[in-house]
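The following exercises are to be worked with the sequence and the three-dimensional structure side by side. Each task is followed by a solution in steps.

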Amino acid sequence: MRLPTPPPEQPPQPQPQPQPKLIVEVVEARDLLPKDGQGSSSPYVVVDFDGQRKRTSTKQQDLNPVWNEQLEFIISDPNTMDTEELDVEVYNDKRMTPAAGAKKNHFLGRVKLYGSQLSKKGEEGLIYFSLEKKNVFSWIRGEIGLRIYYYDETVEGDSQPPPAAEPEPPPDKETRIFEVPVPTEIALETAMGPRHPPMVVVEEAPPMVTVHPHHADHPLPYDHYLATQQHQREAREAHAPPHAAEMRRMQSMRSVETERGRVMRRMSSDYAPRTIFGKFPGGESERITAFDLVEPMSYLFVRILKARGLGPNESPFVKIRTANHQARSRPGVQRPGEPPGHPEWHQVFALRQGTSDVTLEISVWDSAGDKFLGGVCFDLSDVPLRDPPDSPLAPQWYRLEGSGDDLNRRAVSGDIQLAVWIGTQADEAFPEAWCSDAPSVSYTRSKVYQSPKLWYLRVVVIEAQDLQIVPNLPPMTAPDIRVKAQLPFQMARTRRGSMKNSCASVHWNEDLVLVVSEPLEEQLILVVEDSITKERVVLGHAMVPLASIEQRLDERHVASKWVPLEGGGGDGGPGSQYRGRIHLRMYLEGGYHVLDEAAHVSSDFRPTAKQLWKPAMGVLELGLLGGRGLLPMKTKGVGKGSTDAYCVAKYGKKWVRTRTITDSLDPRWNEQYTWQVYDPCTVLTIGVFDNWRMFADVGKEKPDYKIGKGSRRWGRSSWQYGLYARRCSLRCARSMGSRCSLVCTT
């Protein structure tokens, strides 16, 4: 009986794929240059992006045209979008020109943007760009308003599956084993190219066995491919520089050395300026890898995760001990639902390695009675060496062992999960690890801070109505009514308002500018007061949440509004009373940079709105090596000076702080940080402080004392040369006879 043939399986339906798109909304243009010979122009806009070119309609004889048209572009590769250019050009349409002599469309201006300046959908804003010249001799004026954003649009796959290939008849046994398929023209071109051809099927059944004699005179495709690759390899070696063979020999020697053979570089005792890495004009610009500007410092890392099956205990903790260091973990935490004897720590320790360190002892103890629960011992010669960018070392379970006597051996039970490795300060576990050369308090660790985004708050006080002015004023006396805008630690007040006899309203038309920071959680308090008497009389007040104030990125007009004034209870509840209303125009200015530092040491000139930022011109990398000859800021013991120094560097919105090195006048930090650079003519500021907060009592704070600071101004010529170690003399905070210096690499 012959069974029916099952139907062929249908291929899976393709899943919807997200298709990123870019929307350029051309809103309007202002004050364009007349080019038609009649005092006007007929402009249209052409937009180029990623090889796509689209244009708007033509507005006939209009120097302030309004389009409100959207142009849609497809983003072919989102990974390279930051480097893609968006060109917007404005032309005068010659077809609309009355003069018959116009032979081309006159150029009216252009705007050039990069993908890094574009915003996601929902974060865009209407921005007016000044039109730029195409060359030096162009005469251009005006601006164009654009709203640009990108989003992902889901695209359905092909609804009709591709036709299934008809099954070929099975070949006979002899040809299935020995016959080699003849390559097509495309396959031969692929084999001759630099990329490896898809020879997987041929390698699984390599046609290296020759059965038929007439095939021996003709090279097989795979033999031809090997011969081609050998020829290309010999050609590359013939044109390679003389040192290429030596480099390959060094790399091969480096690959066969063992992990224990890789010895850390010792820190140099000399801080003399030296060239670390060269970037010279005309050469390749290569970014420095992580922590290549500082000296490597060898640390023994111990990551304690959890334990299981411990003996009876109340609050277990872990002790870590080497020949030079000893550390203790915090008490273990018992997770809800876990059986007893399964504490967790999740803590990392970084112990500075010494020449006398041979073994590592890790033991578990009970806080109640200091009872020994078991331990593990490691030989440091067997501990693996980890260099980034290697993946983190996976933790393992180790059986806890007891001490020498038999009674203690029987009482010990359970396992502990941990990981031990040797690394440097470049390890990602180092910033949050308990470090042996720094105190364990939180404010002595390395930290990175971001300054909050600052906005200018502009409050235009126009007028007030229905105010309850103080009655029974002396003759020929006008009320002195002013408006006070108040924020935490800021206050601004208007001049005296003017009143007309025909109406009871008070006019100011005055701008008040304040500075606010994100997150915009505060409230703006507006108080209307009369200062005619010695004591100011409050006529009413209003509270406006900063989050409700509109943000302006350009010069567009912001609508004004009336805000009711309250009095009495003052909280807006039932006890409050209507005391009139005030006419205001309020908005947050995003097109300006809030200067939060002195102009001669400013490190950032970008506007507040991120949509207006230019692309970064490069990366500034700073390696803080150490200090020498710092001032003793405190006494320790009898007549001994001491300093617990840390370093702070500030550039742009980013602040960095190194860890505190205790009791050293020559501290070594060896920490490296990076900044995005948007303007070359900026200043990097570095300061050194003495830590006093570590000695403050619980609930109290002691201010840290400044040892000195220095600054480095970056000109355009500073970005064309190599990276050097520099000794920066610090301007000391005290007038003493000693001299201190800071060594860093940039």
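**Exercise 1.** Is Thr-685 buried, partly exposed or exposed?

*Solution.* The model is predicted, so local features need pLDDT of at least 70 and side-chain atom pairs count only at pLDDT 80 or more, whereas totals for chains, interfaces and linings use all residues. Residues are numbered from 1 along each chain as its sequence is written, and side-chain values use heavy atoms, with hydrogens and water left out.

Step 1. Apply the cut-offs: buried means under 20% relative accessible area, exposed over 50%, and partly exposed in between (1.4 Å probe, protein chains only). Thr-685 has 24% relative accessibility and therefore counts as partly exposed.

Step 2. Thr-685 belongs to strand β38 (residues 682–690); helices (H or I, at least four residues) and strands (E, at least two) are DSSP runs, numbered from the N terminus.

Step 3. List its partners, where contact means heavy atoms within 4.5 Å. Beyond the neighbours within four places in sequence, Thr-685 is in contact with Val-601, Val-648, Ala-649, Lys-650, Gly-710 and Ser-711.

**Exercise 2.** Describe the setting of Leu-514.

*Solution.* Step 1. Leu-514 is part of strand β26 (residues 506–517). Its relative accessible area is 4%, so Leu-514 is buried.

Step 1. Not counting residues up to four places away in sequence, Leu-514 touches Trp-455, Tyr-456, Leu-457, Ala-485, Leu-487, Gln-490, Met-491, Ala-492 and Leu-524. Val-459 is 55 residues away along the chain, and its C-alpha atom is separated from that of Leu-514 by 8.2 Å.

**Exercise 3.** How many aromatic pairs are there, and what is the geometry of Tyr-651 and Trp-675?

*Solution.* Step 1. Rings of Phe, Tyr and Trp (its six-membered ring) pair if their centres lie within 6.5 Å; planes under 30 degrees apart count as stacked, over 60 as edge-to-face and the rest as tilted. The count by this rule is 13 aromatic pairs.

Step 1. The ring centres of Tyr-651 and Trp-675 are 6.4 Å apart and the planes stand at 75 degrees, so this pair is edge-to-face. Because Tyr-651 lies in strand β35 (residues 645–651) and Trp-675 in strand β37 (residues 668–677), the pair ties together parts that are 24 residues apart in sequence. Tyr-651 and Trp-675 are both buried.

Step 2. Look for charges over rings, with NZ of Lys or CZ of Arg within 6 Å of the ring centre and within 35 degrees of the ring normal. The charged end of Lys-654 sits over the ring of Trp-675, 5.6 Å from its centre. Arg-308 lies over the face of Trp-397, at 3.9 Å from the ring centre.

**Exercise 4.** What lines the largest cavity, and how is the lining of the largest pocket divided by class?

*Solution.* Step 1. On a 1 Å grid over the protein atoms alone, a cavity is a set of points where a 1.4 Å probe fits but cannot get out, and a pocket is an open set with protein on both sides within 12 Å along at least five of seven lines; lining residues have an atom within 4 Å of a point. Grid points are joined across faces, edges and corners, and a volume is the space filled by probe spheres set on the points.

Step 1. There are four cavities of 30 Å³ or more, and the largest holds about 100 Å³ of space. Its lining includes Leu-113, Gln-117, Glu-124, Phe-129 and Gln-611. Strand β9 gives the most to this lining, with three residues.

Step 2. The largest pocket has a volume of about 1,100 Å³. It is lined by 45 residues, of which Arg-606, Pro-607, Leu-612, Trp-613 and Lys-614 are the closest to its centre. Strand β8 supplies the largest share of the pocket lining, four residues.

Step 3. Count Ala, Val, Leu, Ile, Met, Phe, Trp, Tyr, Cys and Pro as nonpolar, Asp, Glu, Lys and Arg as charged, and the others, Gly among them, as polar. The lining of the largest pocket then divides into 17 nonpolar, 12 polar and 16 charged residues.
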